[in-house]
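Here are my notes on the model you sent over.

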Amino acid sequence: WLAEGSDNSSILNNTITNAPYNGIWVGIGFTSNSNWPTISGNIINSCEEGGIVLWNNASPAVTNAIITNNEVTGANGGSDDHGGISIYDGQYVNLLISGNNSSNNGGDQPGLSFINNTLTSATIRNNTFSINPGAGIKLYTVTRGLVSITDNAIFGNAAGASMSAGTTSVLDASANWWGSTD
């Protein structure tokens, strides 16, 4: 895992199988800030908790976090309900989640979850969230600024997307494929 205060750090091109906790865990800003974390090109299969987890405190904000081109399957969520890819707690500015495939996760876990955070600006595009027993994308207790969820394939999940207990602001969820041409 990657600890706080690790600016410009990258976790690249790993294969992680049967992890007893999280596959990749980035504790970004418990007391100090970590900006520009990049998680890319990883294959993560069968984790007891989350596949990829970014966890931050309310302050300071994390800027320019990048999660791209990862494959996550079989994440069981654990006690914190992480799911395939989880953005947990804290504030995020210029978050990019692109080109990932988060599918076939366990329990009632989503492909992508945002829990207890503020998304000042985020782009979620060109991902596949499929065949998850939870939602394809879950937003829970999230304050949203400018958030774009576009050009994703979101299908075969218990729900396409679920949002609850968040402040409504601008959320662009256009041009996604939801599993049907109807």
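1. Let's start with a side-chain detail: over the ring of which residue does the charged end of Lys 138 sit? That ring belongs to Tyr 140, and the charged end of Lys 138 is 5.8 Å from its centre. Keep in mind throughout that this is a predicted model.

2. Now the overall make-up. The protein chain has 18 strands and zero helices. Of its 182 residues, 51% count as buried. If you take the contacts with a separation of 6 or more, 82% of them are between residues 24 or more positions apart.

3. Six strands make up an open sheet, in the order 2-5-9-12-14-16, with parallel pairing. Strand 2 and strand 16 (153-155) are its edge strands, each pairing on one side only. From one strand to the next, the twist averages 5°. Inside that order, strand 12 (residues 101-103) pairs with strand 14 (residues 128-130) through three bridges, in the parallel sense.

4. Strand 13 (residues 112-125) turns up in several pairings. With strand 10 (residues 85-93) it pairs in the parallel sense over seven bridges, and there Tyr 92 stands opposite Leu 119 of strand 13. Strand 11 (residues 95-98) also runs parallel to strand 13, joined to it by four bridges; Leu 95 has Ala 122 in strand 13 as its bridge partner. Then there is strand 15 (residues 135-150), which pairs with strand 13 over 12 bridges, again in the parallel sense. In that pairing Ile 124 faces Ile 149 of strand 15 as its opposite residue.

5. How is strand 6 covered? On both faces: Ile 52, Leu 54 and Asn 56 lie on one side, Val 53 and Trp 55 on the other, and all are buried.

6. On to the nonpolar cores. The largest one has 32 residues, and the members that touch the most others are Ile 52, Leu 54, Leu 95, Phe 114 and Ile 124. For Phe 114, setting aside neighbours within four places in sequence, the contacts are Ile 87, Leu 95, Ile 97, Leu 119, Ile 124, Ile 137, Lys 138, Leu 139, Tyr 140 and Val 142. So far as the Lys 138 and Tyr 140 from my opening point go, both are on that contact list of Phe 114. There is also a second, separate core of five residues, including Val 53, Trp 55, Tyr 88 and Ile 115.

7. Aromatics next: the structure holds two aromatic pairs. One of them is Trp 55 with Tyr 88, a tilted pair at 4.3 Å centre to centre and 45° between the planes. Why does this pair tie together parts that are 33 residues apart in sequence? Because Trp 55 lies in strand 6 (residues 52-56) while Tyr 88 lies in strand 10. Both partners count as buried because their relative accessible areas, 17% for Trp 55 and 11% for Tyr 88, are under the 20% cut-off.

8. Last, two backbone angles to check. Asn 18 is not a glycine, yet its phi is positive, near 55°. Asn 18 sits in strand 2 (residues 15-19) and counts as exposed, with 57% relative accessibility. Asn 64 likewise has a positive phi, about 60°, without being a glycine. Where is Asn 64? In the loop between strand 7 (62-63) and strand 8 (66-68). At 24% relative accessibility, Asn 64 counts as partly exposed.

Key. Residues numbered from 1 in each chain as written. Predicted model: local features only at pLDDT ≥ 70, side-chain atom pairs only at ≥ 80, totals over all residues. Heavy atoms only, no water. Buried < 20%, exposed > 50% of the residue type's maximum accessible area, 1.4 Å probe, protein only. Pairing = 2+ DSSP bridges. Axes fitted to C-alpha atoms, helices over the stretch in contact; angles between N-to-C directions. Phe/Tyr/Trp six-rings, centres within 6.5 Å; stacked < 30°, edge-to-face > 60°. Lys NZ or Arg CZ within 6 Å of the ring centre and 35° of its normal. Core = buried A, V, L, I, M, F, W, Y, C linked by side-chain atoms within 4.5 Å. Contact = heavy atoms within 4.5 Å.
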